[in-house]
Amino acid sequence: MTMPLLRRLALTTAVAAALMVGAATGTARAAGPLTYDLKPTRIAPDTYVFEGSTKHFTRANGGNILNAGFIVTADGVIVIQTGPSRRYGEEMRAAIRKVTEKPIRKVYISNLHPDYWLGSQAFADVPIAALPGTIAGIQEEGSGIADNMYRLVGDWMRGTEVTVPTEPVYGSTVKFGDHRLRLIPQSGHTAADLMILDETTGVLFAGGVVFCDRTPTTPHATIADWLKELDAVDGLDIRLLVPNHGHIRSDKACVAQTRDWLTWLDGTLRHAVDSGLDMAEALELPIPERFEVLDVLREEYRRSVAHLWPKIEQAALPRVN
């Protein structure tokens, strides 16, 4: 067998392993009844978060890896993200009802990734708002995203159907009762990322723009634009930062953490291409010790190599007319 063929086989095996890591970690069966056991944590006046795992989607956690939230205003409840399944959305709505009898006024979805919006069936009777790019992304990719979640978490997804947001939103400040919410459109983590800053409490729901002690995911990412998003967060006056994945912080330390990871990741892959490495070799590169605080580190690194390598490699190839 020739060396080029051996290298191609190694590459195929490595890429398959990187792309299947989520499915591989999702094979364990959940113990006991299928319930997310959602309990809201009050993080600021009128403001609650359902804190999720920092792991991958698995059949043990049912895809609950996000920090969904809600704000109880004098004019009704504002929901931010609806979770990974119809079951999650229904449990979320029931948990909100235990906090307040006020009606749900509006739902906001920050991007097209599955844990942000697949629970929206439970909120189909109220306006579901998202950036136009998110709406278009869910219309185009929603069925495939849902199918993949069925494969990853199984019966947790029973009855879940694609529910597309009904209301396009743009950059503006809206008032609900005594809360002023600044809607901040960005792009980088995905083509359309909505951050929501409650100017009344200083709480920023950063969506997927900031990860905290959890390795960032990159399936729809453009790293240069994502770094600009982080610059935008640095320019905001906030008291509490709620990432969609990871720990809630009263400072901006995780903005720097996310920037550090993305800068290292992009620079490392570009250097690997320039040095003549192939993807199989890049998948096994060492990761600096400072990133060991990030959960699912090696797994997400390998997924990011699979996501980002083709474009980086293509951009580095000499043009032949």
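I started with α7 and helix α9 (residues 297-316), which pack at an angle of about 50 degrees with their axes 9 Å apart. For the record, axes are lines fitted to C-alpha atoms, for helices over the stretch in contact, and angles run from 0 to 180 degrees between N-to-C directions. Helices (H or I, at least four residues) and strands (E, at least two) are DSSP runs, numbered from the N terminus. The angle makes α7 oblique to α9; under 35 degrees counts as roughly parallel, over 145 as roughly antiparallel, 65 to 115 as roughly perpendicular, and the rest as oblique. I noted the crossing of α7 and α9 as right-handed, where the near helix is turned clockwise from the far one by less than a right angle, anticlockwise being left-handed.

Caveats before going on: this is a predicted model, where local features need pLDDT of at least 70, side-chain atom pairs count only at pLDDT 80 or more, and totals for chains, interfaces and linings use all residues. Residues are numbered from 1 along each chain as its sequence is written, and side-chain values use heavy atoms, with hydrogens and water left out.

Next I listed who touches whom between α7 and α9, contact meaning heavy atoms within 4.5 Å. From α7 the list includes Trp261, Trp264, Leu265 and Leu269; from α9 it includes Tyr301, Leu308, Trp309 and Ile312. By class, I get 13 nonpolar, 1 polar and 4 charged residues for α7 with α9. Here Ala, Val, Leu, Ile, Met, Phe, Trp, Tyr, Cys and Pro count as nonpolar, Asp, Glu, Lys and Arg as charged, and the others, Gly among them, as polar.

I then looked at helix α6 (residues 223-234) against helix α7 (residues 253-274): their axes come within 10 Å and cross at roughly 160 degrees. α6 and α7 are therefore roughly antiparallel to each other, and α6 passes α7 in a left-handed crossing. Trp226, Leu227 and Leu230 are among the α6 residues in this contact, and Val255, Arg259 and Leu262 among those of α7. The contact of α6 with α7 divides into 7 nonpolar, 2 polar and 4 charged residues.

**Disulfide**

I counted 1 disulfide, taking a pair of cysteine sulfur atoms within 2.5 Å as the rule. Cys212 and Cys254 form it, with sulfur atoms 1.9 Å apart. Cys212 lies in strand β11 (residues 203-212) and Cys254 in helix α7, so the pair ties together parts that are 42 residues apart in sequence. Asp213 lies in the loop between β11 and α6; I flagged its positive phi of about 65 degrees, although it is not a glycine.

**Sheet**

I traced an open sheet of 7 strands, order β1-β2-β3-β4-β5-β6-β7, with mixed pairing; two strands pair if DSSP finds at least two bridges between them. β1 (41-44) and β7 (167-168) stand at the edges with a single partner strand each, so one side of each is left without a neighbour in the sheet. Strands β4 (residues 76-80) and β5 (residues 104-108) run parallel, joined by 4 bridges, and Val77 stands opposite Ile104 in β5. Helix α3 (residues 86-99) packs on the sheet, touching β2 (47-50), β3 (68-73), β4 and β5, and its direction makes about 35 degrees with that of β3.

**Hairpin and a loop**

Strand β8 (residues 172-176) pairs antiparallel with strand β9 (residues 179-186) over 5 bridges. Phe176 has His179 in β9 as its bridge partner. The two strands form a hairpin with 2 residues between them, and Gly177 in the turn has a positive phi of about 60 degrees. Last, I checked Asp37, in the loop between α2 (21-24) and β1: Asp37 is not a glycine, yet has a positive phi of about 50 degrees.
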